[in-house]
Amino acid sequence: MHPFHDVAIVGVHNTAQARRLESHDNESINLEGALGAIADAGVPLSEIDAVIGEFAQELVLALRLGPCIRLPWRLGIPLVLEAADLIASGRANVVLVAAGGAALYRERSAVAPWTRPSHELVVGYGLFTAAEFALMARRHMLMHGTTPEQLATVAATIRNNGHVNPEAVYHGRGPFTPADILDSRMVADPFHLLDCAMTSEGGCGLVLARADRARDLPHDPVWVLGGTSESYGPAYQVAPVWDMRGGRSDVPAGYVGRTAAQHSFRTAGLGPADVDVAELYDPFSFEIIRQLEAFGFCSDGEGGPFVEEGHIGPEGRLPVTTDGGTMAFSHPGINAQQLQRVIRAVQQMRGECATGQVEGAEVALCSNGGSGALFTDVLLVGRERP
Amino acid sequence: MLQPQARGIPVPTPSAMSAPYWEASRRGELVYLRCDDCGTIALRPARVCGSCLGRSLSWVTSAGRGRLYSWTVVWRPQHPSFVVPYAPAIVELDEGWWMMSAVVGCDPEDLHADMALTVEFHAASDEIVLPYFAPLVDAESV
């Protein structure tokens, strides 16, 4: 029996996403994300017996959910996997997951506060997320000849997905060509401004339910086919070295996520060729190229040519990050944008995306994290019950 | 020309574990932590060797020479106290360990893979001296 045979994703929701949501703070936008997901699922509050997310305890109180499991965690895909495990192990029947960020970053003379590492071994060198990830990207460019134009092709593709998406923060900002990306100002070489995620505000939520409960809910269930997460150590404390290895494997830190993807595919009984759409986490353009290689969509060093040949576009072999991702859809800070990869994958499986719908898509892979932060999470979802 | 940052940037707060590293830096020495038993080098201060679980680790002085493993050139500063451009870099030291630093003493366009580098020290505050790396000019290249 598949470990998630009885686990269905039955509700998803994104609140309005914007550069600023003036009337909101972190807790209030979490609540809106939660309420939207509950409404989408069509379950009564009295059936929710677990809440996962940064404001889990506040949600238990605000929605009078007690007595209720609460896991006040700030992660992305691992929250969805925990929800699946709660149901699979019989500890919960209906699990609410919520996240969101607002009023986190309004002093813009410095880069966003959560991107500035304070660890003593790195703080004096002016690092921030873009610089950390650039150190991984540079290494790949040196090893494989990956080019700034290939990076720019990724950014243009994902930004154009957001350009046509009315729900994206940067709706209507394009269209972009790779040359437009290369013409934007340099932030941390090789990353231009438009190679990087934006910052924004917004909330989101998901509801997972036991399969028997999912049967008479408004939406067709979307199934968890597999997934796990992995790390090579704490983010932003030591140098992000591509060739760093742990004692368990020869896979270098540059390919963090490879082992997790292999595990996820094994659980699902699927392989990379079975994936119809990839909702890849896109903090920086290069990360897409790295993930295509790490997850087995192409061989090592072939990620650059793969994107150059047009395979990740809306008409390509593997459409990627179809709502515009953190570059154009939204990036509300700590973890909502990670859950938003899963939400988009669920919308793709339902066939309800107003733009960028991959026709007939049956299987989606989602990811979170990135090499510069030394962690990657992977989740496979699909239309067919495992 | 890439320069060390002036005083006023965010500086490290040494811990009991890392104090020997920062004290050495003030003396103009680069040190690293090595397991007495198996020789594994720790990438940050540690009480236990991650390879053999030995508890005897010693600070060893590095020759301060290495190669440029990876780098970036930053034009949008992390914080307004940093002067751009600056070049955070991963240096692969000759003793076989990696450290985070920044390259100074050359132009950004001169940075290249495996560039030979040597450590130099610049004060970031009254208490903190930061190790930076500059191009190594040896007899052969002069």
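In the hairpin of S5(B) and S6(B), three residues separate the strands, and B:Gly96 among the hairpin's residues adopts a positive phi near 95°. Helices (H or I, at least four residues) and strands (E, at least two) are DSSP runs, numbered from the N terminus. This is a predicted model, in which local features need pLDDT of at least 70 and side-chain atom pairs count only at pLDDT 80 or more, while totals for chains, interfaces and linings use all residues. Residues are numbered from 1 along each chain as its sequence is written, and chains are lettered from A and ligands numbered from 1 in the order in which they are written.

**The sheet of chain B**

- B:Val91 has B:Met99 as its bridge partner in S6(B).
- Five of the six residues of strand S6 (residues 97–102) of chain B are buried, so this strand is largely enclosed by the rest of the structure. Buried here means 20 or more other C-beta atoms within 10 Å of a residue's own, with C-beta atoms placed from the backbone.
- The open sheet has five strands in the order S6-S5-S4-S7-S8 (chain B), with antiparallel pairing.
- S6 and strand S8 (129–135) of chain B are at the edges with a single partner strand each, so one side of each has no neighbour in the sheet.
- From one strand to the next, the twist averages 50°.
- Strand S4 (residues 65–71) and strand S7 (residues 116–123) of chain B pair in the antiparallel sense over three bridges, and B:Arg65 stands opposite B:Thr118 in S7(B).

**Where the chains meet**

- Helix H4 (residues 129–144) of chain A lies across S4 and S5 of chain B and runs at about 100° to S4(B); angles go from 0 to 180 degrees between N-to-C directions, with axes fitted to C-alpha atoms, for helices over the stretch in contact.
- The contact takes 28 residues from chain A and 33 residues from chain B, counting C-beta atoms, placed from the backbone, within 7 Å.
- H4(A) gives the largest share of the side of chain A that touches chain B, six residues.

**Helix H8 of chain A**

- In helix H8 (residues 258–268) of chain A, the buried residues include A:Arg258, A:Ser264 and A:Phe265.
- What covers the buried residues of H8(A) includes strand S8 (222–231), helix H9 (285–294) and strand S11 (375–382) of chain A.
- Just after H8(A), A:Gly269 has a positive phi of about 70°.

Conventions. A residue is buried if 20 or more other C-beta atoms lie within 10 Å of its own, exposed if 12 or fewer, and partly exposed in between; C-beta atoms are placed from the backbone. Two strands pair if DSSP finds at least two bridges between them. Two residues are in contact if their C-beta atoms, placed from the backbone, lie within 7 Å.
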